[in-house]
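This report goes through the model shown below, section by section. Please keep the sequence and the structure at hand while reading.

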Amino acid sequence: MKISPERKITAGFVAALVIVLGVSAMSYRSAANYQETFRAEARTHEVLAELSATLSTVMDAETSERGFVIAGDEKFLEPHEAAESRIHQQITHLQSLMGDNPQQRSQLQVLERKIQAKLEWGDANIQARRDKGFEEASQRVSTGRGRSAMNEIRTIIGAMEAQEKEHLQQRIENSNRAASQAVYAILLLSLSSLVLLSVPYFIVRKDFRERRRAENSLQDANERLSAGIKVLEQRSKEISLLSQLGNLLQSCMKAEEAYKVVAQQVRTLFPFESGALCVLSPSRDAVEVVAEWGDTSTSERVFAPDDCWGLRSGRAHCVETPESAIHCAHVSRWPATCYLCVPMMAQGEALGVFHLQSHEEPQGLEGSATLEALRAAKKEMAIAVAEQIGLALANLKLRETLRAQSIRDPLTGLF
C-alpha cells in the first residue's frame, strides 16, 4: 500500500519531534551538569581565597602583637583587634562554604581551636607587656610557643588547601566533560533537526521561509552558548591568575618587588589593555607612576591626587567617551576606546590608583549586550586586582614601619 505524502510529512514531523525532544532533554541535562560543576569550581576557588586570607589575617595579628611588644605603643594593637574580629567572620564564611565536606569541616574546627589558642597566647603577651614591661613579654615570646602555634596553623591550612586543590582538579575535569557533552548534544540536535526537517522542506515548499528562520534561530542560540562557554573558561582562567598574583605579592619583601610583580602579571590578566600602577607619595601630595605595561600610556608620570576622580571619590571611575563631563586631568590624551581608574584602598586609606586603558574593541560586537558584559567583567577584574595590590602594599608598608621602629628610636631616630 502506497503511503500518502500527508502521512509521510506527519510521520517525519513526529519522528523529528521525538528526536528533538530527546536531544533537547540531553542538552538540558548536560547544560545543568556543566552549570553545577562550574558553581562547585567557583566555590572551591572561593574556599582557597578565604583560607589564604585567614592565614594573612592571623599573620597580621601576630605582626601587630610583636610590634606592640617591641615598641609598647597602643596604636600597634589596632590591626590586632581588627584581625580578631575578621578571623571570626572568615571562619564563619568557611563553614558555610564547606557545608558539603565533612572532612574539611572537621579540619576547620581544629584550625579554629588553634587560631583561638594563638590569639589567646598573643593577648597574654600583650597583657604581660602592659603589666610587667618589655623583658617579661620578650621572655614569653622567646619561648617559641607562638611560632610553634603559627607553624601548626600553616600546616593545617596547607593540608586544607591541598585537599581543595585536589577537589578543584576533579571539578575542572567534570566541568570539561560536561561542557563537551553539552557541545555534542547541541551538535546532535542541530544535525537531527537539519536532516529531519529537510524532507518536509522539499515536500512542502511554502514552509521554506519558516523553517529557514527556525534554523537561523537555532544557529544563533548555538553561537551564544558557545560564546558563553568561552566566557566561563576565560573567567576561570582569570580567577586562577588573580590567585597567582595574590600569592606572588604576599611573597614580596619590598614595595619595589611588588611593583615588578604587578607589571609582569597584569599583562596576562589584561593582554589587550595598557595601564599603570600609581602610588601616593609619603607626603600624600603627589601620585607617581611606579609600574607600566602595554604599548601606550596616556597617564602623566607624576600628578596631584585631585587630578584623578577615582582617588577623589574612593570608587572605580570609568570614562567611555571623550565627551564625558568627568574626565581625569592626569590622562594626557584620549585613548582609542576608554579608560578606568580604580583607587587602591587598605583599612580606609588610599594608597594609589590602578589605571587601565583599552585601545581596541572585539570586532562585530559594537553596541551588543556581549560587549557590555565583557566590559563589566573587565571592570570587576580590575577592581579585584586593585584590592589585591592595595592589601599587599599596605602589608609591606606596615612591615617596613615595624622594622624601622624596631631598629631606630621613634623619638630621636637613633639606633
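## A loop residue with positive phi

The structure is a predicted model. Arg284 sits in the loop that lies between β1 and β2. Its phi is positive, at about 65 degrees, although Arg284 is not a glycine.

Strand β1 covers residues 273-280 and strand β6 covers residues 349-358; the two pair in the antiparallel sense over 7 bridges. Within this pairing, Leu277 has Phe354 of β6 as its bridge partner.

## The helix on the sheet

With 15 residues, α7 reaches 21 Å from its first C-alpha to its last, close to the 21 Å expected at 1.5 Å a residue.

The buried residues of α7 include the alanines Ala258 and Ala263 and the valines Val261, Val262 and Val266. Tyr259, Gln265 and Leu269 of α7 are buried too.

## Cysteines

How many disulfides does the model contain? The count comes to 0, where a disulfide requires two cysteine sulfur atoms within 2.5 Å. For Cys308, the closest cysteine sulfur is that of Cys341, and the distance of 4.0 Å is too far for a bond. Cys308 is buried, with a relative accessibility of 0%.

The sulfur of Cys338 has its closest cysteine sulfur in Cys318, at 5.2 Å, and this is also too far for a bond. Cys338 has a relative accessible area of 13% and is therefore buried, as the cut-off for that class is under 20%.

## Confidence

The mean pLDDT of the protein is 77, with 81% of its residues at 70 or more. Among the elements, β3 has the highest mean pLDDT, 90, while helix α1 (residues 5-71) has the lowest, 73.

Over residues 363-368 the pLDDT falls below 50. In the model this stretch has 4 contacts beyond near neighbours in sequence. Where pLDDT is low, the predicted coordinates should not be read in detail.

How values were computed. Residues numbered from 1 in each chain as written. Predicted model: local features only at pLDDT ≥ 70, side-chain atom pairs only at ≥ 80, totals over all residues. Heavy atoms only, no water. Pairing = 2+ DSSP bridges. Helix = DSSP H or I, 4+ residues; strand = E, 2+ residues; numbered from the N terminus. Expected span 1.5 Å × (residues − 1). Buried < 20%, exposed > 50% of the residue type's maximum accessible area, 1.4 Å probe, protein only. pLDDT = per-residue confidence, 0-100. Contact = heavy atoms within 4.5 Å.
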